[in-house]
Amino acid sequence: MKKNIHFTVALLFTGIVFFSCNNSNNSSNTSQEKTSSASNNNIPDFKGDSAYSYVEKQVAFGPRIPNTDAHEKCAEWMASKLKSFTPNVEVQETVVTGYDGSKLKCKNIIATFFPENKNRIAIFSHWDTRPWADEDTAKNFHSKAFDGANDGPSGVGVILEIARLLKDTKPGIGVTLVLLDVEDYGVSGDENSYCLGTQYWANHFDKSSGIPQYGILLDMVGAPNSRFMFESVSVRYARPVLEKVWKEASILGYKNYFIPSETGGITDDHVFINNITQIPTIDIIDYDAMRTGGFGYYWHTHFDDMKVVDRGVLKAVGQTLVDVIFKENKL
Ligand SMILES: [Zn+2]
């Protein structure tokens, strides 16, 4: 993803930010994972170490750029990992057309937990890697692929750890986990060129286990000093969901990351999910319109590697989601 939304006629929101890269902010991966603050004994303990290992594994395949071997192999690994947690895994395969006419193999991977429970929520993350580091200050690096550790894998790592927990502990609701493909093969000026896998999922998803009552998108959720704010598209479509999640984060002591202040809007998978499916969906994303560049300094640059993934931040996001899931008894 994704340029900030300059809210245009098509998308009807507000929020314009101009981007520049700021690579001066590097910080080390030193923060310690908090011990679990889940207060309820029935709520499983989200392991930041485990989520981190899932992020590492994805990155080890190499950049997961559509039509590459790394992309193919990572998809196989994610599907098999999910299958080890639930038998209800679907690989939704298609071919989408990129902005440049390229035909791109696309695999959305969907795990449905407790399909008998029609009261359900959905959690999303994209898993593909952007083919270009076009925000890198070094222009000769623009065409060189980058690891893409936070942009994609961090959200997937959190989702896989949630899947591991759901294997052994059943909440009061159903949970659908969706790994979305071909999110980041877009160009500025054409917002619809982003989120191609999501657009396909939104138009074709299996409703036999019920339509999720709400959705939570994760994107760049592992960086130290992350700032997760009330992104304006999420506010417009799903403010009660934002309030619920940020309140839970506050209870758990994660207010330093989850900041309940409104910020600008961005084009991300949730835009298409909200518009196409009407499932009210928020975006948890490291984004603050008031910060230089809006996104973290690593965004779409060669700084986006394992050094910008922090176990403690994965834990903060993951435990917050686990608590939200396990406190929902009905929807
Ligand atoms: Zn991106």
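## Sheet architecture

Two strands are taken to pair if DSSP finds at least two bridges between them. In this predicted model, strands β1 and β2 (residues 103-113) are joined by nine bridges and run antiparallel. Within β2, Asn108 is the bridge partner of Gln92.

Both strands belong to an open sheet of six strands with mixed pairing, in the order β1-β2-β4-β3-β5-β8. Its edges are formed by β1 (89-97) and β8 (281-285), each of which pairs on one side only. From one strand to the next, the twist averages 20°. Helix α2 (residues 69-83) lies across β1, β2 and β4 (174-180), and runs at about 10° to β2.

## Overall composition

The protein chain has seven helices and eight strands. Of its 331 residues, 53% count as buried. Among contacts between residues at least 6 apart in sequence, 81% join residues at least 24 apart.

In soluble globular proteins, nonpolar side chains tend to be buried together. Here the largest nonpolar core holds 92 residues, of which Ile123, Ile159, Ile162, Leu218, Ile284 and Val317 touch the most other members. Helix α7 supplies the largest share of this core, nine residues. Leaving aside residues up to four places away in sequence, Val317 touches Val158, Leu218, Val221 and Ile284.

Helix α7 (residues 311-327) has 17 residues and, at 1.5 Å a residue, should span 24 Å; its end C-alpha atoms are 24 Å apart, in agreement with that expectation. Because 15 of its 17 residues are buried, α7 is largely enclosed by the rest of the structure.

Note on methods
Residues are numbered from 1 along each chain as its sequence is written. This is a predicted model: local features need pLDDT of at least 70, side-chain atom pairs count only at pLDDT 80 or more; totals for chains, interfaces and linings use all residues. Helices (H or I, at least four residues) and strands (E, at least two) are DSSP runs, numbered from the N terminus. The expected span of a helix is 1.5 Å times one less than its number of residues. A residue is buried if 20 or more other C-beta atoms lie within 10 Å of its own, exposed if 12 or fewer, and partly exposed in between; C-beta atoms are placed from the backbone. Two residues are in contact if their C-beta atoms, placed from the backbone, lie within 7 Å. A nonpolar core is a set of buried Ala, Val, Leu, Ile, Met, Phe, Trp, Tyr and Cys residues joined through C-beta atoms within 7 Å. Axes are lines fitted to C-alpha atoms, for helices over the stretch in contact, and angles run from 0 to 180 degrees between N-to-C directions.
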